[in-house]
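Please read it with the structure open.

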Amino acid sequence: MSEIGNGRATIREIAELAGVSIATVSRVVNGREDVSPETRELVQRIVRERGYTANRNARGLSAGKTGLIGATVPMLHHAYFSYILAGAAEGLYEQDMRLVLSPTMHEHHREVSLLERLMHGTTDGAVIILPEESSDELELLLNHGYRFVVIDPLLPLNERIPAVSAAHAAGADQAMKHLLSLGHTRIAAITGPRGWKATEDRRRGYYAALAAAGIMPDPELEVESNFELGGGAAAAEQLLALPVPPTAIFCFNDNMAVGAMQTARMRGVGIPEDLSIVGFDDLEEAEIVTPALTTIRQPLAEMGRIAVSLLMRLLDNQRLEALHVELGTRLVVRDSTAPPRL
């Protein structure tokens, strides 16, 4: 476990000062050879100046501990989850602990089975990403003494269950205010599955922004989808076929926004001159699609890091003032939005 030497610097601060990753700093202070001489010299100089030392008494080597943290995740190939896992892995690397990855494929029974195995001596704790379990099922883990933190809850959770999420409603409000400020009033929404926490929170932000602008929600402008590219394309087809189509679409994630853009292009609808589109997530695709996508940035890697930080404190039996942490989101304006055509 890496800790502060004399309380003066953290491994993250050393990495930032040296312009390298936390993993590189860890390799240097642990005497690993796979670092260039120039980088090693730079890191060692900053370490000397700032007083950082590595604690060799790794958490994972304590009596009765495995040094392993489980991570259940719906799928590994999806960029959204890889960002979260990268943050969690970085946080655990700093603690000299490792992840045990367990894909669930969004299958409830599979996730329950995996968590049971993780709980029974395989790992010290877990981060559970977008869990299929209900609050009652997750509470059973707590009642058995297993420590975990939920990242991006699928369903609303009760107060006992530690969780890290993004400010979905506030992010949706930012997206809508951006479109409203451009002069759009006929703004459609392509939502996620009904009942999901992200869907309902973002829907609440969508409605609140419309209400603040004095615009009544129009049911035909709201289409439920599945957070996937194909779902966004199909939903946009439905919206653009309306007798009076929307001038803007707020998609509840980037995948659906890209799908909506594909549909608009196939129908000869120009973006943003004929139709503005906003997404939610700010994945890599948002920057490379044409036109580049205006979207709401979720701090996905930070969600992973914060979840690990909370979990470490739970494993140390520290008292937490807040078990539910909500991280801020930010509007990123690119090329897919513009004022409506007059």
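1. In this predicted model, strand β1, helix α4 (residues 79–94) and strand β2 form a β-α-β unit of right-handed sense. The two strands are parallel and are paired through six bridges. Within this pairing, G70 lies opposite V100 of β2.

2. Strand β1 also runs parallel to β3 (residues 125–129), to which four bridges join it. Here the bridge partner of G70 is A126. Five of the six residues of β1 (residues 68–73) are buried, so the strand is largely enclosed by the rest of the structure.

3. The largest nonpolar core comprises 41 residues, and those touching the most other members are I190, F250, C251 and I277. At least two residues each come from α7, β6 (187–191), α8 (197–212), α9 (229–240), β8 (248–251), α10 (254–266) and β9 (276–278). The most is given by α10, with six residues. A second, separate core of 31 residues includes I69, L85, L154 and M303.

4. Residues up to four places away in sequence aside, A167 touches E326, L327, G328 and T329. The C-alpha atoms of A167 and A198 are 9.1 Å apart, with the two residues 31 residues apart along the chain.

Methods:
Residues are numbered from 1 along each chain as its sequence is written. This is a predicted model: local features need pLDDT of at least 70, side-chain atom pairs count only at pLDDT 80 or more; totals for chains, interfaces and linings use all residues. Side-chain values use heavy atoms; hydrogens and water are left out. Contact means heavy atoms within 4.5 Å. A nonpolar core is a set of buried Ala, Val, Leu, Ile, Met, Phe, Trp, Tyr and Cys residues joined through side-chain atoms within 4.5 Å. Buried means under 20% relative accessible area, exposed over 50%, partly exposed in between (1.4 Å probe, protein chains only). Two strands pair if DSSP finds at least two bridges between them. A crossover is right-handed if, with the strands pointing away from the viewer, the path from the first strand over the helix to the second runs clockwise.
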